[in-house]
Amino acid sequence: MFSRIRSDIECILERDPAARTRWEVLTCYPGLHAVVLHRLAHWCWQHGFKWLGRFTSHIARFLTGIEIHPGAKIGERVFFDHAMGVVVGETAEIGDGCTIYQGVTLGGTSLYKGVKRHPTLGRNVVVGAGAQVLGGFTVGDGAKVGSNAVVTKPVPAGATAVGNPARIIQAELDVKREEAASKMGFSAYGVTQNDDPLSQAMRGLIDNASTQEHQISMLWKAIEQLSVQRHDASVVPGDAAVSEHFEAEKLNQLVGK
């Protein structure tokens, strides 16, 4: 038991830059207290002491503001950061290394007893503040759920779910966008980027800018080919830019002009 608590404390020190000492974490972090009390409640629940398990979880809710049903399964090194208002349902499962912020609900959409009603989080999943993950599906390892997202379908491993209803952003596309944005001194990632029209317009501009070098290369190749074929370097290529174009009108509509 004490080794698990030490592991929990170390994971908080690793993930929260505001955490200064182990003593501070042990005495002042409600997320740690909620996890420790849940283990006691879960033990009672698993061994047939249902009322005692529920009462222990009720006391934990009163002390920490975090409501975890004693039937829920929580892995190692799970960090509830701030976590006021977090609700974790009976059949929810949280994998090792997950981070969950305040206001998150791991809830169910079914009223039938005895079935898997709540989500399963894989390993190292991050769930942003205010997110609602509803249903008996799986959020894959290493996935991220953006703040205030409403997720009602499975999220693939390594992907990001943002918006209401949540849309899935594949990790490869997101990484490419971030790399292009960082070169221009702007981070495209934001908790509401898929909901804000201005953010969508910025993402479109970033995506377009990241393809400029490739577009220029296509133009040069087309010019060279036409020059060789027609022996006239002044010939202007006609369809060199057909495959990629800048949708100015669409971006203006997103901005609202």
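## Cavities

A cavity is a set of grid points where a 1.4 Å probe fits but cannot get out, and in this predicted model there are 2 cavities of 30 Å³ or more. The largest cavity has a volume of about 50 Å³, and its lining is made up of Ala34, Leu37, His38, Ala41, Ser57, Ala60, Ile66 and Ile68. Helix H3 (30-46) and helix H4 are the elements that give two or more residues to this lining, with H3 giving the most, namely 4 residues.

## Overall architecture

The secondary structure of the protein consists of 8 helices and 15 strands, and of its 257 residues 41% are buried. When contacts between residues at least 6 apart in sequence are considered, 35% of them join residues at least 24 apart. The protein has an accessible surface of about 14800 Å², and carbon and sulfur atoms account for 59% of that area.

A nonpolar patch is formed on the surface by Trp43, Phe49, Trp51, Leu52, Phe55, Ile59, Phe62 and Leu63, which together have about 940 Å² of accessible area.

Leucine 63, one of the patch residues, is located in helix H4. With a relative accessible area of 59%, leucine 63 is classed as exposed because this value lies over the 50% cut-off.

## Salt bridges

The structure holds 9 salt bridges, among them the pair of aspartate 8 and arginine 39, whose closest N and O atoms are 2.8 Å apart. Since aspartate 8 belongs to helix H1 (residues 2-15) and arginine 39 to helix H3, this pair ties together parts that are 31 residues apart in sequence. Both aspartate 8 and arginine 39 are buried.

Another salt bridge joins arginine 61 to glutamate 67, with the closest N and O atoms 2.9 Å apart. Arginine 61 is partly exposed, at a relative accessible area of 42%, and glutamate 67 likewise counts as partly exposed, at 33%.

A further salt bridge links arginine 123 with aspartate 96, the closest N and O atoms being 3.1 Å apart. Arginine 123 is partly exposed, with a relative accessible area of 45%, and aspartate 96 counts as partly exposed at 27%.

Terms used:
Residues numbered from 1 in each chain as written. Predicted model: local features only at pLDDT ≥ 70, side-chain atom pairs only at ≥ 80, totals over all residues. Heavy atoms only, no water. Buried < 20%, exposed > 50% of the residue type's maximum accessible area, 1.4 Å probe, protein only. Contact = heavy atoms within 4.5 Å. Areas by Shrake-Rupley, 256 points an atom, 1.4 Å probe, with all protein chains shown as cover. Patch = residues over 30% accessible without salt bridge, like charges linked within 9 Å, V, L, I, M, F, W, Y side chains within 5 Å. Salt bridge = Lys/Arg side-chain N within 4 Å of Asp/Glu carboxyl O. 1 Å grid on protein atoms, 1.4 Å probe; cavity = no way out; pocket = protein on both sides within 12 Å on 5 of 7 lines; lining within 4 Å. Points joined across faces, edges and corners; volume = space filled by probe spheres on them.
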